[in-house]
Amino acid sequence: MEGYHRSVLLKGAIDALDIKAGNWYLDCTLGDGGHTLEILKRGGKVVGIDVDPKALERVHKRLGSLGVLGNAVLIQGNFRDLKNLIFSQADTVGSKIKGAIFDLGVSSLQLESPERGFSFALEGPLDMRMDPGLQVRALDLLNTLTRKELNELFRNLGEEKYSWKLADALVSAREVGQVTTTKDLAEVVEKVYRRMGIRDSKIHPATRVFQALRMVINDELGALQEGLDQVKEIIEKNGCIVVISFHSLEDRIVKNAFKQWKLAGLGEVLTRKPVVPSDQEIAENPRSRSAKMRVFKKL
Ligand SMILES: C[S@@+](CC[C@H](N)C(=O)[O-])C[C@H]1O[C@@H](n2cnc3c(N)ncnc32)[C@H](O)[C@@H]1O
């Protein structure tokens, strides 16, 4: 199997977990298992969770081929149900989990699979569900939201300056059945940008619209809040919780949660400012450019 997801802030994140051989750690966003593998290499054991069954399949194979599957428990589920997922493994894991990592967002596998509909660059259905059990796809949302709701979505989650214009253009295009695939949607956004005379934006103009839709479809902010509420109870004293986020609203949730935990006397924030990737990491892996890592230590 080739072309694994390139893990962001890999060394810094796992250093922060301060792995001790034989202890259990929680990887709440397995993806391709990059962070998990690093924990295993350092002698730790891992409970790995991902909401996407395809991710589980790949990690199962990857760890199996390296002969380290015996030190990992892989669970399909949403980290918003963290407590239940962990309790279901109590016989194996016990209640002693020394640290946790969340590496939010989508994996390269998801982005590069056209049929998942995450990428504006690949023709595919407007799906965007990480969990195939979810009922609502991006196309359902695009077809049912009002112009006002689309505007709010693009403005609030997409932080999109031209949200009204995009909402207008989408409503017009969908009325004549012009928005059914990822490329259709990307084209509507591109046209708006062209009309506005904006050509040299550093990222593709559809990036933020796709990200906003994906975040709603998977209720990513809601899941993050719920996952953080639970993880602080699961991790043992002196254990760390590491979160890598890729969106300012995610980072705000993490920052506020850590602040409240500190005020409640749960421990301390180890990152006064978020840790960001080096210029070299960004050059090698442009997807890392918006990453922010924060670390909390339970005391
Ligand atoms: C950026 S990737 C993780 C990459 C991984 N750290 C690696 O190094 O290979 C994020 C993964 O988290 C999963 N995910 C996102 N939200 C989730 C949630 N609420 N519960 C469980 N998994 C989630 C996605 O399906 C995706 O596979």
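Trainee: Two residues are in contact if their C-beta atoms, placed from the backbone, lie within 7 Å. Which residues in helix 8 meet which residues in helix 11?

Mentor: First, a word on the source: this is a predicted model, in which local features need pLDDT of at least 70 and side-chain atom pairs count only at pLDDT 80 or more, while totals for chains, interfaces and linings use all residues. Residues are numbered from 1 along each chain as its sequence is written. As for your question, L153, F154 and L157 are the residues of helix 8 that meet V209, A212, M215 and V216 of helix 11. The contact of these two helices has 7 nonpolar residues, with no polar and no charged ones.

Trainee: What counts as nonpolar, and what counts as a helix?

Mentor: Ala, Val, Leu, Ile, Met, Phe, Trp, Tyr, Cys and Pro count as nonpolar, Asp, Glu, Lys and Arg as charged, and the others, Gly among them, as polar. Helices (H or I, at least four residues) and strands (E, at least two) are DSSP runs, numbered from the N terminus.

Trainee: At what angle do the axes of helix 8 and helix 11 cross?

Mentor: They cross at roughly 100° and come within 9 Å. Helix 8 is therefore roughly perpendicular to helix 11. Axes are lines fitted to C-alpha atoms, for helices over the stretch in contact, and angles run from 0 to 180 degrees between N-to-C directions. Angles under 35 degrees count as roughly parallel, over 145 as roughly antiparallel, 65 to 115 as roughly perpendicular and the rest as oblique.

Trainee: What about A167, where is it found?

Mentor: A167 is found in helix 9. It is buried, with 23 other C-beta atoms within 10 Å. Leaving aside neighbours within four places in sequence, A167 is in contact with R147, L150, N151 and F154. Between A167 and L153 there are 9.2 Å in space, C-alpha to C-alpha, and the two are 14 residues apart in sequence.

Trainee: And what comes after helix 11?

Mentor: Helix 11 is followed by D219, which lies in the loop between helix 11 and helix 12. D219 has a positive phi, near 40°, in a residue other than glycine. It is partly exposed, with 15 other C-beta atoms within 10 Å.

Trainee: Now L9: is it buried or exposed?

Mentor: L9 is buried, with 23 other C-beta atoms within 10 Å. It is found in the segment before helix 1 (10–17). Its phi is positive, about 50°, although L9 is not a glycine.

Trainee: New topic. Which domains does the assignment of the chain give?

Mentor: It gives domain 1 (10–109 + 220–298) and domain 2 (135–217); such bounds come from an automatic or database domain assignment.

Trainee: How far apart are the centres of the two domains?

Mentor: The centres of domain 1 and domain 2, taken over C-alpha atoms, are separated by 31 Å.

Trainee: Last one: which residues come nearest to the ligand?

Mentor: S7, T29, G31, D32 and G34 come nearest, out of 22 residues around the ligand. Helix 2 (34–41) and strand 2 (45–50) are the elements that give two or more residues to this shell. By class, the shell has 7 nonpolar, 10 polar and 5 charged residues. A residue is near a molecule or strand if its C-beta atom, placed from the backbone, lies within 6 Å of it.

Trainee: Is helix 2 mostly covered or exposed?

Mentor: Helix 2 is mostly covered, with 7 of its 8 residues buried. Among them are G34, H35 and T36. The buried residues of helix 2 pack against several elements, including helix 1, strand 2 and helix 3 (53–65). Just after helix 2, G43 takes a positive phi of about 95°.

Definitions and conventions
Buried ≥ 20, exposed ≤ 12 C-beta atoms within 10 Å, placed from the backbone.
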